[in-house]
Amino acid sequence: MPAQLTGEKQYIHAQSLLTLAPSRTAEALSGVAELNEKQFEEFVLLADSNHVVVRALQTLANATSDKNQQLNTWAQAKLDVEKCRIQNALRHLHRICAELDAQGCPVTVIKTLEHWPDLGSDLDLYTTASDDRVCHVMTSRFKARIEPRSWGDRLAHKWNFAVPGLPEAVEIHVQRLGQTGEHTAMARRFVTRQQSRTIDGLMFPVPAPEESIIVATLQRMYRHFYFRVCDIVNTARVVESGVVDFAELKRGADLGGIWKGVCTYLKIVSDYTAQYRGRGIDLPHDVVSTAAFGGDKVYVQARFIRVPIMPQGAALYTEQVTRTALRGDVPATFRLGLLPYLASAAAISYKLTGSDKGIW
């Protein structure tokens with residue numbers, strides 16, 4: 001009798017099989033098929049956290065169409081709900097992008113559409129327009145409500161809007177990227193090098209492949225210190241498509257002092273992919289040799305694939321600060337210097353209140 005999946009480690013393993021190695025679907029199915037309805041709900045919730053609901057469940061549905069009717073019914077029901085959510089979000093996102101652009105706010109959709117056919121839990125954009133202009137357009141044209149901002153949001157020039165009819169928050173990064181808003185020159189590349197992508201018949205402004213890797217690195221290696229299954233799948237897909245110009249990627253990453261972080265991010269993706277396919281993604285030798293560490297350091301805990309903050313994450317931060325200072329970028333160096341204080345404040349807030357939302 002097949003072993004039943006128990007716990008997030010096995011769930012993430014099964015979701016990695018379904019999305020990274022469809023040829024091994026039977027291996028994942030042997031465990032998923034033993035789940036009861038409550039356990040299947042937990043499996044889907046974890047897939048949602050990792051932004052692979054559609055990719056994982058579609059593979060399951062295809063594999064169970066004539067073998068396991070109950071599991072197929074559960075999977076199809078979840079797929080129908082998720083696809084409906086995504087269609088609504090895409091329609092709103094298209095209108096928001098078009099209106100912002102028409103009102104003098106050049107915009108690029110970042111992170112959100114990298115997950116296609118899945119979609120994230122919020123809609124992320126970057127613009128070179130001013131804070132005032134963005135807020136005016138969002139509140140006057142879409143009747144959006146500006147959500148409360150944390151210290152980190154203010155430092156990073158990040159705004160969250162609640163739009164009527166749209167369950168997902170719209171998160172707009174204004175002129176800056178990075179945990180403390182330290183990236184300006186690198187951030188502008190998201191507009192100056194943007195490309196167009198058609199999804200579900202709608203055209204969106206999206207980052208060039210190199211910037212999509214850069215923004216993923218910022219999120220995973222310099223902010224959250226964890227990977228989701230989608231990050232591995234998304235990056236493996238873009239690298240394997242052959243469209244990444246690694247020289248251009250290095251040029252962009254060097255503007256922010258994060259080339260080592262980018263290389264480390266790619267090495268982790270390659271090593272994790274190799275666990276499921278028997279081989280990693282093809283990376284240039286200098287990318288592999290520059291990486292600070294690889295997939296052997298990551299581990300599954302608390303719903304995600306974790307990157308150790310100490311000493312690995314801290315070393316990347318130190319490298320970033322050093323390179324930024326050597327480049328003579330005083331404002332960015334100052335902003336990066338505030339990060340340890342924010343982290344300390346967040347830790348204290350979490351200990352006292354159980355939440356760090358007002359800080360980050």
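## Helices H2 and H4

In this predicted model, helix H2, which covers residues 25–32, and helix H4, which covers residues 53–64, have axes that come within 11 Å and cross at roughly 85°. That angle makes H2 roughly perpendicular to H4.

The residues that meet are Thr25, Leu29 and Val32 on the H2 side, and Thr59, Leu60, Ala63 and Thr64 on the H4 side. Sorted by class, this contact of H2 with H4 has 4 nonpolar and 3 polar residues, with no charged residues.

## The nonpolar core

The largest nonpolar core has 107 residues, and the ones with the most contacts inside it are Phe40, Phe43, Met138, Val170 and Leu266. Helix H5, spanning residues 69–102, gives this core its largest share, which is 11 residues.

Leaving aside residues up to four places away in sequence, Phe40 touches Val32, Leu35, Leu57, Leu60, Leu71, Trp74, Ala75 and Lys78. Among these partners, Val32 and Leu60 also belong to the residues through which H2 and H4 meet.

The structure holds 0 disulfides. For Cys97, the closest cysteine sulfur is that of Cys105, and because the two sulfurs are 11 Å apart, they are too far from each other for a bond; a disulfide would need them within 2.5 Å. Cys105 is likewise in no disulfide, since its nearest cysteine sulfur, belonging to Cys135, is 9.7 Å away.

Terms used. Residues are numbered from 1 along each chain as its sequence is written. This is a predicted model: local features need pLDDT of at least 70, side-chain atom pairs count only at pLDDT 80 or more; totals for chains, interfaces and linings use all residues. Side-chain values use heavy atoms; hydrogens and water are left out. Axes are lines fitted to C-alpha atoms, for helices over the stretch in contact, and angles run from 0 to 180 degrees between N-to-C directions. Helices (H or I, at least four residues) and strands (E, at least two) are DSSP runs, numbered from the N terminus. Angles under 35 degrees count as roughly parallel, over 145 as roughly antiparallel, 65 to 115 as roughly perpendicular and the rest as oblique. Contact means heavy atoms within 4.5 Å. Ala, Val, Leu, Ile, Met, Phe, Trp, Tyr, Cys and Pro count as nonpolar, Asp, Glu, Lys and Arg as charged, and the others, Gly among them, as polar. A nonpolar core is a set of buried Ala, Val, Leu, Ile, Met, Phe, Trp, Tyr and Cys residues joined through side-chain atoms within 4.5 Å. Buried means under 20% relative accessible area, exposed over 50%, partly exposed in between (1.4 Å probe, protein chains only).
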